[in-house]
Amino acid sequence: MNFQFSEEFALQADAKDPLKELREEFVFPQHGGREALYFTGNSLGLQAKKARQYLNEELDDWATFGVEGHTESRRPWLHYHEFFTEKLAKIVGGKPEEVVAMNGLTTNLHLMMASFYRPAGKRTKILCEGKAFPSDQYALRSQLRFHGFDESHLIELAPDPETELITDERVLAAIEEHKDELALVMLGGMNYYTGQFFDMKTITQKGREAGIMVGWDLAHAAGNVPLQLHDWGVDFAAWCGYKYLNSGPGGVSGVFVHERHLGQTDIPRFEGWWGHDKATRFKMPDDFIPIPTAEAWQLSNAPVFAMTPLLASLELFEKAGMERLRQKSIGLTAYLEFVVAEVKKSTGADLKILTPKDPEKRGAQLSIIVPGVGRKVFDAISKEGVIADWREPDVIRMAPVPMYNNYEDVYRFGKILEQSLKNLN
Ligand SMILES: *Cc1c(COP(=O)(O)O)cnc(C)c1O
């Protein structure tokens with residue numbers, strides 16, 4: 001597409017968008033009597049309009065049936081998590097039996113590491129990205145301590161000081177270098193800070209060839225880019241529901257466990273009754289018989305109200321399909337990149353983009369740096385109704401989300417950014 005930084009171009013691009021109707025399915029925060037320019041779907045996705053209806057239905061069913069709602073309500077609570085499985089499996093490229101919706105992300109990372117971080121002999125270490133999301137760092141370090149290891153067992157790949165990125169080659173070389181001492185490789189598939197998308201397939205293959213477990217935190221990847229977790233051979237993955245998947249604040253996370261690990265009784269695992277064989281669950285036997293799917297990792301019965309909004313969103317993912325969303329996303333993010341470059345030209349401002357230029361190496365998000373005056377610019381655009389995300393020391397993270405953002409949003413953001421930069425001078 002030949003981009004232009006004009007309203008006319010943006011409106012035309014939107015008119016041609018096959019997914020344009022999806023925007024109408026979401027509720028936007030308001031600013032000055034119109035929709036705010038919402039670019040933080042990478043942090044908290046918007047509310048699908050159907051979420052309210054579905055939540056009300058659950059409240060009604062609870063009122064009507066009480067405990068019998070477990071079996072009698074329109075979406076019986078006994079099986080509630082099952083309503084999410086196929087839809088999530090499509091989004092992450094897993095088989096339905098490999099996927100389950102449960103808990104929060106960090107909880108799930110711990111549950112996964114309980115099973116798949118199995119230090120033994122010389123293989124005791126974990127490879128992760130330097131400057132990982134704080135919760136992941138805490139989870140990794142506390143897992144090490146839990147097994148009696150100190151932090152020297154965590155190999156953190158420092159980002160390149162120039163680009164702040166960690167190249168795939170760097171990760172592969174680190175696996176090669178440490179292959180005899182690694183028990184686990186666990187990385188964020190899409191870096192939350194830079195928006196870099198790792199070559200998950202190649203990294204997974206490399207780790208597995210060396211006999212190392214490979215797990216991924218997909219907080220910023222699930223619902224953002226197409227994934228093929230099964231085909232890539234990923235051992236496990238977990239993601240949160242409230243970013244690109246629009247589950248609402250603190251909404252339920254998802255987990256992938258490769259089929260090669262399913263149906264095993266001798267796997268180390270923290271167990272609960274919701275992971276036990278469905279046929280005998282209510283007979284309350286002493287021995288745990290794992291469900292032969294990823295559901296074996298469930299501990300508790302499903303938190304229905306925390307899951308319902310996700311259902312409304314997943315129906316839209318099913319309608320749109322990850323491939324079409326990705327197609328639109330590549331265009332929309334390239335347009336944002338173009339608009340930032342145009343604003344740089346017209347204002348002479350020092351604007352930089354941290355995120356890789358190659359569309360294959362990124363998703364929706366761009367991380368923009370305005371050296372020295374970043375915070376001022378961020379405050380100025382916020383006043384004009386741009387909802388973006390500030391990360392210390394100087395990064396503005398923005399994600400035009402293909403599910404509900406459009407070219408006009410990006411154009412209007414560009415005009416506001418341009419004016420804000422001019423006002424600084
Ligand atoms: C958002 C995010 C989290 C958040 O963890 P919760 O357990 O959902 O609070 C963790 N890790 C990464 C990489 C994230 O982007």
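Is Phe133 buried, partly exposed or exposed? At 29% relative accessibility, Phe133 counts as partly exposed, a class that lies between buried (under 20% relative accessible area) and exposed (over 50%), with a 1.4 Å probe and protein chains only. This is a predicted model, in which local features need pLDDT of at least 70 and side-chain atom pairs count only at pLDDT 80 or more, while totals for chains, interfaces and linings use all residues. Residues are numbered from 1 along each chain as its sequence is written, and side-chain values use heavy atoms, with hydrogens and water left out.

**Ligand surroundings**
- The residues around the ligand, with a heavy atom within 4 Å of it, include Phe133, Asp136, Asp217 and His220.
- A polar side-chain atom of Thr106 lies 2.6 Å from a ligand oxygen atom, and for Lys243 the corresponding distance to an oxygen atom of the ligand is 2.5 Å.

**Aromatic pairs**
- The structure holds 23 aromatic pairs, counted where ring centres of Phe, Tyr or Trp (its six-membered ring) lie within 6.5 Å, with planes under 30 degrees apart called stacked, over 60 edge-to-face and the rest tilted.
- Phe28 and Tyr404 form an edge-to-face pair, 6.0 Å centre to centre with 90° between the planes, and Tyr404 is buried, with a relative accessible area of 0%.
- The ring centres of Phe133 and Tyr192 are 5.0 Å apart and their planes are at 80°, so this pair is edge-to-face.
- Phe3, Phe9, Tyr335, Phe338 and Tyr407 form one aromatic cluster.

How values were computed:
A polar contact is a pair of N or O atoms within 3.5 Å; within protein, one must be able to donate a hydrogen and the other to accept it, and residues adjacent in sequence count only if both atoms are side-chain atoms.
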